[in-house]
Structures are given as structure tokens and as C-alpha cells.
Amino acid sequence: METGTVFPQLPESEAKRAPEGDGGNGSVDGDPLRNPYAGLVSHLRASWLSGKTRPMEYRVAQLEALGRFLDDKKQQIMDATASDLGKAPFETELSEILMCKNELHETLSNLSRWMKDEKVDRILAVQLDSAFIRKDPYGVVLIIAPWNYPIHLFLVPLIGAIAAGNCAIIKPSEVSKKTERLVAEALPSYLDKDCFAVVTGGVQETTRLLENKFDYIFFTGSPPVGRIVMTAAAKHLTPVTLELGGKNPCYVSDTCDVTNVARRVAWGRFFNAGQTCIAPDYLLCTLEMQEKLLPALQKAINDFYGPNPRESPDFGRIVSAKQFQRVQRLLGSGRVAIGGQTDEAERYIAPTVLVDVQPSDPVMQEEVFGPILPIIIITSVDEAIDFINSRERPLAVYAFSSDDKVVNRVLERTSSGGFCGNDTMMHVTLPSLPFGGIGNSGLGTHHGKFSFDTFSHPRGCLKRGMGQEPLNAPRYPPYSQRKFGIIQAALKMARVSDCTLL
């Protein structure tokens, strides 16, 4: 990432997909003379405090406006992502438009149900009263998006923020320049300017933005920058969601359909030129399976991108010169078995498979975030599981086997943000599943109702009547053992046994 003096100097290997330099480590009192964004945050907070964003009709109108943005600006989005990332129209329409529309439709179809107060069980003492959970919006939220999916990764959290009744500031990545400009110029005309704003810029601007007090921060990026964001949030005790990525292992057992495995792995690894947080980062398999996989992977790459992927309209480019140089250096790990060609002028790195890779090699020390697939040799599923568990918990674990018991064994004995058996990346296409990391790969979840819940505060509520005061008398002083017996009976929650006597 492009680091600045306000940030710790991070190794380039830690840049990955984070907005280059996004973060902050200061604190101000909100004086607009000291912070250029204090006035904007105050304006949005005043709008939120007015109650404007709370009615369902308002939320629906803003969500429908996002749908119009996607429809009206579809070609501009495709042009911008092609310029920034060399992204194929198919990949853009799938990942940046269709999946966002699915999130919108899921949210609009269920919003009235999600917003309803949730009734809860009551003890004897409050049987005549109303007890429920109110889904309250947090207030003014900040969404910091990365460059690798520059529409999807700000829009999906924004859908949840709007659905939950919040105001929001969106900070797109400055690295994907054309998309940043499109979002900054076009999006505000679709949304209520009193409640939603786009802020652009790099290190300095994001640092100053984070100095302000927000009610929630949603950040997508790398673990090192996630720590900076979390530190800035901690100064105001602001809750955060951090979507951070990591090295996602992919175990391939000896019992599987090699052709199918190769196609599904190659698609997941080389989609968007490998610049995907949930891409399979490395393979774990036996030496015998590697010998079967290599020709199958070569065939899959040829089928997808032709004999020269550089000429394929379906294979993307690395986002920047800095990222290109970082990924290119990883080619020195192990031995290139497939691909390995590069062109710095085009920011092109061919779909590449590395063998003879050691766990200590540079390619295994950081998230690849490029079109390189290392293969690590193991001798058994248990060794693969031990290898996975010896490292930071990833955003996803993948397991391929014709034996469902093997897939379940990997699922049960590993820990990760998500899991997909016998495929890669497809689990994130379901708005009904939570998406997020654990440990080093992130904190919190979103997608579908999980986005709504992320941006909602579950407010516990009890509403009692003004009458029936004699029922309250046992809790008031002077105390007595008799009064305690009555209170104990009224407040006691009995354990429910799951054992039924016949």
C-alpha cells in the first residue's frame, strides 16, 4: 500500500487489497476548524437524530435508488473496472452488479419482517407486560472499501446500513481511480445528500476522516490496516466490522474427480486475476495428486484463457505497479510448473502454479492476492488439518473429496470465516449465509440479514403498565424472607430439560 507518515511503515507484502494507506491514529474534538470532515459528520448526525432515516418507506426508497444506480451506470461501472483492473465484463456483471442486486432484492423482500420488534419469553413477574428487542440503527456509520471489488465491497455493506436506518459516509479506494471517480460523481445524485456522502482521497484524507466519532465503522482491507482502523475506533469506543482476508487453504484428497477439482480451483484462483479475498490461496495434496492435478490445471487454464492468457479478454490485470512488483517477487518461491510469464508495462502476470514450495517460502508468508497458486505436499488429511491449524485462521477453508466423511473431517477440525466443500468461492453467492472472518481474517459478518443485524443495535425493551402496584410490593424494602420467597417464585427461570420421560 502507499504508506504515509501517519501510518506505521508496513511491508509491501501486507498491502493486499486494502485501500492503500487507509487508517488513522488521531483524535479531535470535532472542531471543523481542526478537522475538515467534522462538519459533514455533524450534518449527517443531525439528519439521523431527526428520525428521517427510521421509517421503512424512507429506507426502501434509498435502497431502490441504489438499484437504479446499478442499472443506470452499468456500462460506466464495466468501463471503470476494466480500466482499473482489466476486469472482464462477465466478471464485473457477476461480482459487481448481479451479486449486489441479489443483496438488494433479498433485503427489500424481507425488510419489513427484519424491522419488526422481536418478542421474547417472559418470566412470571412480567407476564402482563410487553418485552421485546427493538432493532435500532447505530447512527452515522463509516464504510471504508478496498480496490479489488470497488463497487461490491462498498455497496453490500451500504445496503445493510441503509436497511438498518443509518446515515453513512462511503470511502471508496483511491487505488481503483476510475471507479472511485464514478462513485464520487454519480452515487450522491441517487441518495439523500443529507444522510449519505462519499469522501475521496488517500492516506491523509482517510486518517483525518477516522479522527471523527462514528457510531459504527465497516472496514475491508488487510490485517495491518485493520488494526489501525480498530485503534482509531477504540478512541471513541466505536464498534467495528473488519473483513480482512488471509491465506485460504484448499485441501484436495486422493479420492476426487481431478478434472472437476482443477476447473473449480482454477476459476476461484484466477478470477479477477487472483485479487479476491476468498480465493484459494494454496493447495494441500499428496505428491501423487499433484502429478494428476498439474496437467488438469494446465488444461483448465487453456480452456478458460486459451494458450496465451495475455491475449484473453477474460483474464484481468494487477491493479497497480506496486502490487505488480509485490506479486512478481512471489514467483521466486519454489518452482514454476505452469505459467510464470509477466509484463510489467501491462501489469500482467500469467496464471501460475508453483511446486516444490516450502512453508517458509515468501509465497507462504503472505496472502498472495494475485494469479499464483502454490502447492504444498502433505501425506494425509490429518497432516493437512495440522498444517491449516498451525497458521492464522483464514477467511475460507476449501476441501475437495468424493468421500463426504473427508470433507466433514476438514470442516469439523478446522476454524475459518467460511467453508466450502468441493468448490471455491460459491458460498459467498448466498445472501442467506453470513460472510466474515475470524481472528486474523476479520471480525463480524454481513450479507443479507447479517448485514442488517451488523448495522442494528439490538435494544432490549420492557414496557410495563402504571397499575397493578400491589404486585410490585414484595421487591420493596423493608425486606423479609417471606418477600424474597415471593420474588424468587416470580423471577425464577427454570431449566428446561431435553429429556422426555415416557
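## A polar contact at Thr107

In this predicted model, a polar atom of the Thr107 side chain lies 2.8 Å from the backbone oxygen of Glu103. Thr107 is found in helix α4.

Thr107 has a relative accessible area of 2%; buried means under 20%, so Thr107 is buried. Leaving aside residues up to four places away in sequence, Thr107 touches Leu63, Trp114, Ile159 and Ala163.

## Packing of α4 and α5

Helix α4 spans residues 89–115 and helix α5 spans residues 152–163. Their axes are 9 Å apart, and the two helices pack at an angle of about 10 degrees. Angles under 35 degrees count as roughly parallel, and α4 and α5 are therefore roughly parallel to each other.

On the α4 side, the contact is made by Ser95, Glu96, Met99, Cys100, Glu103, Leu104, Thr107 and Leu111. On the α5 side, His152, Leu155, Val156, Ile159 and Ala163 take part. By class, the contact of α4 with α5 has 8 nonpolar, 3 polar and 2 charged residues. Among the α5 residues in this contact are Ile159 and Ala163, both of which Thr107 touches.

## Confidence

The protein has a mean pLDDT of 93, and 92% of its residues reach 70 or more. Over residues 1–29, pLDDT stays under 50. The model has 110 contacts beyond four places in sequence for residues 1–29. Where pLDDT is low, the predicted coordinates should not be read in detail.

How values were computed: Residues numbered from 1 in each chain as written. Predicted model: local features only at pLDDT ≥ 70, side-chain atom pairs only at ≥ 80, totals over all residues. Heavy atoms only, no water. pLDDT = per-residue confidence, 0-100. Contact = heavy atoms within 4.5 Å. Axes fitted to C-alpha atoms, helices over the stretch in contact; angles between N-to-C directions. Helix = DSSP H or I, 4+ residues; strand = E, 2+ residues; numbered from the N terminus. Parallel < 35°, antiparallel > 145°, perpendicular 65-115°, else oblique. Nonpolar A, V, L, I, M, F, W, Y, C, P; charged D, E, K, R; others polar. Buried < 20%, exposed > 50% of the residue type's maximum accessible area, 1.4 Å probe, protein only. Polar contact = N/O pair within 3.5 Å; in protein donor to acceptor, adjacent residues only side chain to side chain.
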